[in-house]
Amino acid sequence: MKVLIETYGCQMNTADSELIMGILNADGFEAAHSLDEADVIILNTCAVREKAEARILGRLTNLVPFKKLKPGLMIGVVGCMAKHLGESLIEKVRYVDFVAGPDQYRNLPAIIKNKRKKAEVHVEFDRSELYTGCTPTRPKGVTAWVSIQRGCNYVCTYCIVPHVRGVERNVPAIDILDEVRRLVSQGFSVITLLGQTVNSYQDGDINFAKLLRMVAQIEGVEQVRFTSPHPLGFSDELIDVIATEPHVAKFVHLPLQSASNDQLKAMRRVYTFEGYLEIVRKLREKCPEIAISTDIIVGFCGETEEDYLKTRQALIDNRYAFAFLFAYSERSLSIAARTMKDDIPNEVKQRRLAEIIDIQQKISKEVYESFVGKRVEVIVEGYSRRDAENAVGNTRDFKTTIFPKGDAEPGDWVEVEIESATSQTLVGHCTRILKKGRAPVIEAQLDVGISLGPTEN
Ligand code: 5AD
Ligand code: SF4
């Protein structure tokens, strides 16, 4: 049987799709490279905002014709929205064959093989599930995701994640280090460590800062990135590792959410704006080349114009390289949905959102344009999807850079002189190759049966 997985949502879900495909491959399932080829289509879903769920429900409707054309075709919904909607998803979309939450992926081969008339729903939490012993199927290449943590122990009032992904569990450090060594032996050299609040990682004496240093020091690892940390517990030790370890990316995604302390309190973010600024100050002091990005929510319950203006000013003052900006979307199960009033009119939310998008767009463009004329070090990660003559990579501070590939190969460190920039990309030409990599074969996600749904965040 051939399986196609379509991924929605965050990087954690991208990594989970590789995990699911690995579990299915180990059981004899093969990758489908297109919808037509698939016997099983799995949507790995997101629930973080209503828009994400609406988009996935729309996608499910679009899949009806495939089901009519191919009577045996199975359609499954897994991931965060599967856990969120559970049984009610089957009522909403009658032709869905199975629904599986984030802790139920080991059961997928059996669920698919024992196909029943009635849809199966498996959304129970398993507080101990870490998928130990499961090997994700990753597209061959330079970059690899490594999940080091599942679930989340924070209680941000707006957020559905703890309610769909369960409590925090950390993968033992020894397993993480083994996996990274194995990845290096397969040709991967850029590792992104993933966790919902990655810096709360703890395994015995090994905290996140120590783990990050250990991963960065593994022979053959050229670049380590991580996402997403929480400002609480963003320690001096971690700042020191980022500043001093040459193979750790000089880049931090540090979600602010709001610059108003009243809003931060209502959100139960457990830090103040001043505390957050102190982390940014230290990061920039200890590591002047650092790039910082953020997440912002406008229009959360009770947000006054004054609260909003503080956030807007913070965006201007902090000069983030980029930012993911959202209007608050009430999620059932969340604390806010149960105890607070979603009282900001949609027009106000959308106006605030449009304003900050406009402001950030200009800042990002200025930040990226400040590199024009400069030479930067770039690790080559693959080729441009639009034009295979162009190589694509990232700078040490995680700026995507495009240039005519010339002699550069995947895995190489090269020097690129920047000629132009958009608000998201640097464009230039390669001036020299700094260090040869091992030029692994580059596969597209679809080669392993995973395709990307529209990205949400
Ligand atoms: N509404 C809008 N944005 C949200 N996020 C999380 N929950 C919500 C919500 N209910 C945003 C936060 C988080 C990012 C992943 O998504 O900014 O950091
Ligand atoms: Fe990722 Fe959260 Fe969306 Fe789940 S709900 S896919 S954890 S962003």
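**Entry 1: the second largest pocket.** I looked up which element gives the largest share of its lining, and found that H8 gives 5 residues. This is a predicted model, where local features need pLDDT of at least 70, side-chain atom pairs count only at pLDDT 80 or more, and totals for chains, interfaces and linings use all residues. Residues are numbered from 1 along each chain as its sequence is written, chains are lettered from A and ligands numbered from 1 in the order written, and side-chain values use heavy atoms, without hydrogens and water.

I noted a volume of about 420 Å³ for the second largest pocket. A pocket is an open set of points on a 1 Å grid over the protein atoms alone, where a 1.4 Å probe fits, with protein on both sides within 12 Å along at least five of seven lines; lining residues have an atom within 4 Å of a point. The volume is the space filled by probe spheres set on the points. I listed 22 lining residues, with Leu130, Tyr131, Cys134, Pro136 and Glu179 closest to the centre. Helix H1 (11-26), strand E7 (143-147) and helix H8 (173-185) each give two or more residues to this lining. Helices (at least four residues) and strands (at least two) are DSSP runs.

By class, I recorded 10 nonpolar, 4 polar and 8 charged lining residues. Where does this pocket lie? It lies between domain 1 (2-122) and domain 2 (143-364), because both give residues to the lining. The domain bounds come from an automatic or database assignment.

**Entry 2: ligand 1.** I found 12 residues around ligand 1; Arg49, Tyr158, Gln257, Asp295 and Ser329 come nearest. A residue counts if one of its heavy atoms lies within 4 Å. Next I checked polar contacts (pairs of N or O atoms within 3.5 Å). A polar side-chain atom of Gln257 lies 2.7 Å from a ligand 1 oxygen. For Asp295, a polar side-chain atom lies 2.6 Å from an oxygen of ligand 1. Ser329 uses a backbone N or O atom, 2.8 Å from a nitrogen of ligand 1. Alone, ligand 1 exposes 400 Å², and the protein buries 89% of that. Such areas come from the Shrake-Rupley method with a 1.4 Å probe.

**Entry 3: ligand 2.** I counted 10 residues around ligand 2, and Cys10, Cys46, Cys80, Val161 and Arg165 come nearest. The shell divides into 6 nonpolar, 3 polar and 1 charged. Domain 1 and domain 2 both give residues to this shell, so ligand 2 lies between them.

Conventions:
Nonpolar A, V, L, I, M, F, W, Y, C, P; charged D, E, K, R; others polar. Polar contact = N/O pair within 3.5 Å; in protein donor to acceptor, adjacent residues only side chain to side chain.
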